[in-house]
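Please look over the sequence and the model shown below, and then follow the report on strand pairing and salt bridges.

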Amino acid sequence: TWHTHDHLLALRAGHARRSRGKLKLVRSYRAAQHISMLPWNRVLFGPGCDGLICVSPETARRNAAIRGGRPVVGVFGAVDLARFAPKLRNLATMRDFGLMPEHQVVGIVARVQPHRRFDLLLDACEILFRENAQARMLVIGRGTRREELLDEPARQRGIADRLILAGYRNQDFADALHCIDVFTFLVPGSDGTCRALLEAAACGIPAVTSARGALPEIVEDGKTGLIVPETPQALATAWQQLLQDVSLRTRFGEAARARAQQLFAPPHYAQAVEKLYETLLEHH
């Protein structure tokens, strides 16, 4: 099960079979936050499931207490390593975005919502754009409040002409990612695995992120990217450092791709889940 509603349905439907050891219930918890010790959570995530799958190893460790010794595993999300393999920029996509070869691009993939800290993003962009005339910010994502949270604040700051609003991308999403020199991610969304960040890593793009959720586990600070405080100056400084230092950017990008091949490959995820299933089935 993946959500509370189907978890409760499965508990009710399978109660008799679970009590006889004929059925195992596994819950996937897709947020990186610590599960609060509220009474109903202690039931659902304790005896209410035989196994628990979390979005990262540290998340699993943080949630071990609520499990009471029952099996719990933390495994990173999985991405299509072939689709998101490193490659050169697609010129047609570049033209579609109004990008020139000399432009240096910071990019983010996120739904435009208040909690994703677009205010912080724009404040940092102001600083970066003052220091770097070739810098651009590519925003991939949609949201019903985009005008309020992104378009109008960018106009008020006088930076709208250097903000590229790509909207939602589907077939050409990988090509859009490859237009980015430095990926950035501030606040995880509803998917705690931060899939877009994993896909950027698979593309060989270094990242600048905050320390929220599973981000410090996905990005190795000083190896595949930089983890910085949530301040405009810290963000802008990290972006500029990677944009200006091609060798550092290349080294981080290659390390990010290697880490993706090791930890974000579908077989790695499948093996971890299969091992959990085998453990549960061995104990009737």
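## A covered strand and its neighbours

Strand β7 (residues 182-185) is covered on both faces, since Val182 and Thr184 on one side and Phe183 and Phe185 on the other are all buried, where buried means under 20% relative accessible area, exposed over 50%, and partly exposed in between (1.4 Å probe, protein chains only). Helices (H or I, at least four residues) and strands (E, at least two) are DSSP runs, numbered from the N terminus. This is a predicted model, in which local features need pLDDT of at least 70 and side-chain atom pairs count only at pLDDT 80 or more, while totals for chains, interfaces and linings use all residues. Residues are numbered from 1 along each chain as its sequence is written, and side-chain values use heavy atoms, with hydrogens and water left out.

Strand β4 (residues 104-109) pairs with β7 in the parallel sense over two bridges, pairing being assigned if DSSP finds at least two bridges between two strands. Here Val106 stands opposite Val182. Strand β8 (residues 207-209) also runs parallel to β7, joined by three bridges, and Val208 is the bridge partner of Thr184.

A salt bridge is a side-chain nitrogen of Lys or Arg within 4 Å of a carboxyl oxygen of Asp or Glu, and by this rule the count comes to 17.

| Salt bridge | N to O distance |
|---|---|
| Asp175 and Lys87 | 2.9 Å |
| Asp151 and Arg146 | 3.0 Å |
| Arg195 and Glu199 | 3.8 Å |

Asp175 is buried, with a relative accessible area of 16%, whereas Lys87 is partly exposed at 47%.
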